[in-house]
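Take a first look at the protein shown here. The text below walks through it step by step.

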Amino acid sequence: MKGVIQQGLVTANRLISDKDGYYTPQRQATKPVLTADDGSYEWQLRGKADSWALVELQADGGTRMICDVVPHCEQGDASPIAFGQPMALDSSFSLRGAGDLQMETVNLTPLTHLAVALAERSSNGLSPEALSGSYETVEGWFGLSPGSLRLTPPDLTRLDQTDNVSADALQLAVANAAFLALVNNNAQWASISDVLNNIATQASETGQISLMGDGVNVALADLISTAAVQASELQATVDSSIISQRLAVVEHRNVQRFKTIADVYEESDTDVAGTDETAGDTISDTSGETTTDTTDTTDTTDTTDTTDGNTGSTEETADSGTDTSEPPTTDTTPEETIPANAALLSWTAPLTRENGDSLSMGEIAGFEVVYGTSEDTLDQSIAIGDASVDELLVDELTEGTWYFAIRTLDTDGNRSRLSEVVYKQI
């Protein structure tokens, strides 16, 4: 479910095609069930699990959603509900999702709800192909990794009780929470139902969602920026340094996504295409957004990094000899494209872990650049949640000498040692 929804009524109807290949929900796959206190549900299927189903959750007077927005959830004229506390839902609230009953758990979130609305535009109705394509399209809109909508989102209010949660799952959960967070301090939306209905209507009617907003509709940029803020706020709610770091990665991903959306909007003032052929293509490339048109090679530093293979380790004391960072350099001839108060850093992703094991790009969650005005006090940091990024422009630096280093973060939460320190005189 989206966060945790307690005592929500879940129904499932098998998707069956007519003679023309048009898929519609036609018969119940199971008796309706209520969600448990942790938001889960379980069916006893009628017949074989050999088809796709449209699944829907509906709210009534006894349904409660746990507020997973920091610091609280605002609902119209009612008093705010604190983070982690239950809140009532209006009777029009619903969430839809779809999936193959034989192969997967069907999760119900705002993003799956949006995907179903998009799929309904298909000439074949809610066919497996249309649904799969719409899931991929929505993942592209929100900058999620392929397959993310099939992940079960973690409970953001109980992250410290979660044994292991990936950055992709956290990004999914935060993106879903953004729909609820958008209600806060926004008189236009009185409830999450208002937000859901608006964005589902956009997708259903036009196959698109507004990029930057038109004063009437929910904008993708608003949801992405709200997700970035929530990822930042959530870092203060957890004790686990690993989860906090992964939330920092999620924050950075959303910031980069917002920048990409803004660039697309400035270039073409058009909405996001909803067809399968263009799913996410126009706004999916976030690599190097902070260093566009800044190609001064004399101002860069190569800081190849490696990742410790021990779960939960934040430092590896044994020198494996894999760190190939170049010695610190001072730039003396900056190009005009590089601001005078900035440093352009570049690096190469590692191919091996510190223990010598190979490391694929798919195992790299991102990087962390740390910097400061003393080689021994690198007290500022920037998280990069994209393994393909290999440059970073750090600007607004004050006069003096600035020191920089980088470490690699893997998808299991491991962090490498810092690279060799490099510096630049501003």
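What follows moves from the whole chain to its pockets, and then to some local details.

The model is predicted. Start with the overall build. The protein has 426 residues, and 51% of them are buried. Six helices and 16 strands are found in the protein. Now consider which parts of the chain touch. Take the contacts with a separation of 6 or more: residues 24 or more positions apart account for 68% of these. Next comes the surface. The protein exposes about 18700 Å². Carbon and sulfur atoms supply 44% of that area.

The largest pocket has a volume of about 590 Å³. Its lining is made up of 25 residues. Closest to the centre of this pocket are Gly143, Leu144, Ser145, Pro146 and Arg253. Which elements supply at least two residues each to this lining? They are α2 (128–141), α3 (167–181), α6 (241–268) and β12 (364–372). The largest share comes from α6, which gives four residues. Sorted by class, the lining of the largest pocket has twelve polar, seven nonpolar and six charged residues.

The second largest pocket has a volume of about 380 Å³. Here 19 residues form the lining, and those closest to the centre are Asp38, Gly39, Ser40, Thr152 and Pro153. By class, the lining of the second largest pocket holds eight polar, seven nonpolar and four charged residues.

A disulfide is a covalent bond between the sulfur atoms of two cysteines. How many disulfides does the count come to? The count is one. Cys67 and Cys73 form the disulfide, with their sulfur atoms 2.1 Å apart. That pair counts as a disulfide because the cut-off is 2.5 Å between cysteine sulfur atoms. What about its handedness? The torsion about the S-S bond of Cys67 and Cys73 is about 90 degrees, so the disulfide is right-handed. Are Cys67 and Cys73 buried or exposed? Both are buried.

Stay in this part of the chain for the backbone. Most residues other than glycine have a negative phi, and most peptide bonds are trans. The peptide bond from Val70 to Pro71 is cis, with omega near 5 degrees. Where does Pro71 lie? Pro71 sits in the loop between β6 (64–66) and β7 (72–73).

Phi brings up two further residues. Gln7 is not a glycine, yet its phi is positive, at about 60 degrees. Gln7 belongs to the loop between β1 (5–6) and β2 (9–17).

The loop between β14 (391–394) and β15 (401–410) contains Glu396. Is Glu396 buried or exposed? Glu396 counts as exposed because its relative accessibility is 66%, and exposed means over 50%.

Another is the cis peptide bond from Val70 to Pro71.

Methods
Residues numbered from 1 in each chain as written. Predicted model: local features only at pLDDT ≥ 70, side-chain atom pairs only at ≥ 80, totals over all residues. Heavy atoms only, no water. Buried < 20%, exposed > 50% of the residue type's maximum accessible area, 1.4 Å probe, protein only. Contact = heavy atoms within 4.5 Å. Areas by Shrake-Rupley, 256 points an atom, 1.4 Å probe, with all protein chains shown as cover. 1 Å grid on protein atoms, 1.4 Å probe; cavity = no way out; pocket = protein on both sides within 12 Å on 5 of 7 lines; lining within 4 Å. Points joined across faces, edges and corners; volume = space filled by probe spheres on them. Nonpolar A, V, L, I, M, F, W, Y, C, P; charged D, E, K, R; others polar.
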